[in-house]
Amino acid sequence: MPRRETKRGTDRTPLSGDYDVLICGASFAGLAVARELAGSGARTLILDRYEVGERQTSACGIPTTWLRAMGLEESLQQTFGDLVLHTPHGSVRWKLPWTFSTFDYRTLCALLRAQSAGHAEFETAKVEGRIPGGVRTDRGDLRAPLIVDALGWRRILGLGDNVQPPEAFLSRGLEVHPHGRGEDMELWIDRRYVRAGYAWSFPADGELRVGVGSFDPRPPVKAETVQLAQDLGVPPVRYQGNWIPHRIRPATEGGVFFAGDSAGHCIPVTAEGIRTALYFGIACGRELRAVVEGRRTREEALRRYHAFSAEHRWKFEAMKRVQDLVPRIPPRALVRVLQGFGRQGVTDWFFGHYLRIAPPEFAGPAPAADRRVAVAA
Ligand SMILES: Cc1cc2nc3c(=O)[nH]c(=O)nc-3n(C[C@H](O)[C@H](O)[C@H](O)COP(=O)(O)OP(=O)(O)OC[C@H]3O[C@@H](n4cnc5c(N)ncnc54)[C@H](O)[C@@H]3O)c2cc1C
């Protein structure tokens, strides 16, 4: 059972005050922003509905190099050099030019939080919306000149009415987390489970993350997730699901910075949104740090971060075209397409470019760690 640590009852005291930076959302994007501000001297407050790491938001698969680049290896659970794809007409094994790993969400969040813990406060509060110069929460109003929405697909701090599913550009995903073991990271492109989308099984050191993702937000995926779990001989227990954005959105709006799912920073087709949330969170944090340190104005930082995110748009749109194409390939032809794609030169080329969408070397060492090294030297 997940531990519930969120403040309740009398511990939920009123919140108010002025900060330099308000980071709304304490998952991948929000914690990455905070990491980049560590040691800047900024008065930073991170807000989330839940305690850090309390509610897992994904299957937690990521290129291993990203865990290393950010000093988060301790959270690693299992590593995969291959990707196994199943279709109704045969299976294909792709040898990847780099490895994927699964990680433990709670541990990763704790490690990431530690990179800013002495430098940023944290409070549990539900962010309800914007007020002039700040945000309204269920515990009170908070103000800051620099505000980040890292709250996920709802884009709560966006201007105007948010677009809700199924009209929004969202996929849907649901998974179960039974105990179990596996050697391979496996995907199913099989209309028995989902017409447009894919199903997966990610082993994570004694746990299997088994789920179904639909590129079309309308059809429910619960019965299909249960079916896949049964086909794999594991019980459909410990559900976790959410909407997944598949269109990039403006990374700034009305003076607020958006990072991760709130800006649609999730790669279409694969629905990989963790490393991109880290990547854009880091980019956002660096801009905020430049403002706090007096190297840029807030307006310059908004412009630069907006432009940085927009430079990536074509890559996300190219992946969206692939997302639209895959369900149109007749199932009999699909296995041949996947075999062709599995030729080593092709796989290396594709996955090389795919990693470059958000390359790990962008991360660099945590600034607070840098500082300690500088002091020691
Ligand atoms: C079933 C499923 C499996 C997935 N598997 C993978 C995977 O293996 N690999 C991968 O790369 N991507 C995966 N994804 C996508 C990935 O989960 C997201 O892209 C990623 O979590 C985005 O990170 P984020 O920090 O932007 O948002 P989130 O991780 O969604 O975090 C948002 C944070 O904001 C908080 N919050 C939300 N609303 C409020 C509010 N009103 N007030 C206060 N706090 C609030 C939440 O509690 C949460 O902590 C998966 C998605 C799903 C649905």
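# Notebook: strands, helices, core and ligand shell

**Entry 1. Strand β11.** I started with strand β11, residues 146-149. Leu146 and Val148 point one way, while Ile147 and Asp149 point the other way. All four are buried. I recalled that in a regular strand the side chains alternate between the two faces of the sheet. I also noted that this is a predicted model.

**Entry 2. Partners of β11.** Which strand is joined to β11 by 4 bridges? I found β2, residues 21-24, and the two run parallel. Val21 has Leu146 of β11 as its bridge partner. Next I checked β18. β11 and β18 also pair in the parallel sense, over 3 bridges. Here Val148 stands opposite Phe257 in β18.

Entry 3. β17 and β18 pair in the antiparallel sense over 2 bridges. Glu253 stands opposite Val256 in β18.

**Entry 4. Another sheet.** I traced an open sheet of 4 strands, in the order β1-β10-β9-β8. Its pairing is mixed too. The edge strands are β1 (17-18) and β8 (127-131), and each pairs on one side only. I reminded myself that strands of a sheet pair through backbone hydrogen bonds, either parallel or antiparallel. Are β9 and β10 parallel or antiparallel? I found the antiparallel sense, over 4 bridges, between β9 (134-137) and β10 (140-143). Val135 has Leu142 in β10 as its bridge partner.

**Entry 5. Helix α1.** I moved on to the helices. How many of the 10 residues of α1 are buried? I counted 10 of 10, so I wrote it down as mostly covered. Among the buried residues are Phe28, Ala32 and Val33. Arg35 and Glu36 are buried as well. After α1 comes Gly39, which has a positive phi near 85°.

**Entry 6. Helix α5.** α5 has 19 residues. From its first C-alpha to its last it reaches 26 Å. That is close to the 27 Å expected at 1.5 Å a residue. This helix is mostly covered, with 17 of its 19 residues buried. Gly294 follows α5 and has a positive phi, near 80°.

**Entry 7. The nonpolar core.** I looked up the largest nonpolar core, which has 102 residues. Which residues touch the most other members? They are Leu22, Cys24, Val33, Ala259 and Leu278. The largest share of this core, 11 residues, comes from α5. Leaving out residues up to four places away in sequence, Leu278 touches Phe28, Ala32, Trp66, Met70 and Ala363. Of these, Phe28 and Ala32 are buried residues of α1.

**Entry 8. Around the ligand.** I found 39 residues around the ligand. Ser27, Ser58, Gly152, Gly260 and Gly273 come nearest. Several elements give two or more residues to this shell, including α1, β3 (44-48), β4 (61-63) and α5. Which element gives the largest share? It is β16, with 4 residues. By class, I noted 18 nonpolar, 14 polar and 7 charged residues.

**Entry 9. Two positive phi angles.** Asp205 has a positive phi of about 50°. It sits in the loop between β14 (197-203) and β15 (208-214). Is Asp205 buried or exposed? Asp205 counts as exposed because it has 11 C-beta neighbours inside 10 Å, and the cut-off for exposed is 12 or fewer. Val269 has a positive phi of about 75°. This residue lies in the loop between β18 (256-258) and α5 (274-292). Val269 counts as buried, because it has 20 C-beta neighbours inside 10 Å.

**Entry 10. Pro327.** My last stop was Pro327, in the loop between α7 (313-325) and α8 (331-341). Pro327 is partly exposed, with 17 other C-beta atoms within 10 Å. Which residues does Pro327 contact, leaving aside neighbours within four places in sequence? I found Arg195 and Ala196. Pro327 and Arg195 are 132 residues apart along the chain, yet their C-alpha atoms are separated by 6.9 Å.

Terms used:
Residues numbered from 1 in each chain as written. Predicted model: local features only at pLDDT ≥ 70, side-chain atom pairs only at ≥ 80, totals over all residues. Core = buried A, V, L, I, M, F, W, Y, C linked by C-beta atoms within 7 Å. Contact = placed C-beta atoms within 7 Å. Near = placed C-beta within 6 Å. Nonpolar A, V, L, I, M, F, W, Y, C, P; charged D, E, K, R; others polar. Pairing = 2+ DSSP bridges. Expected span 1.5 Å × (residues − 1).
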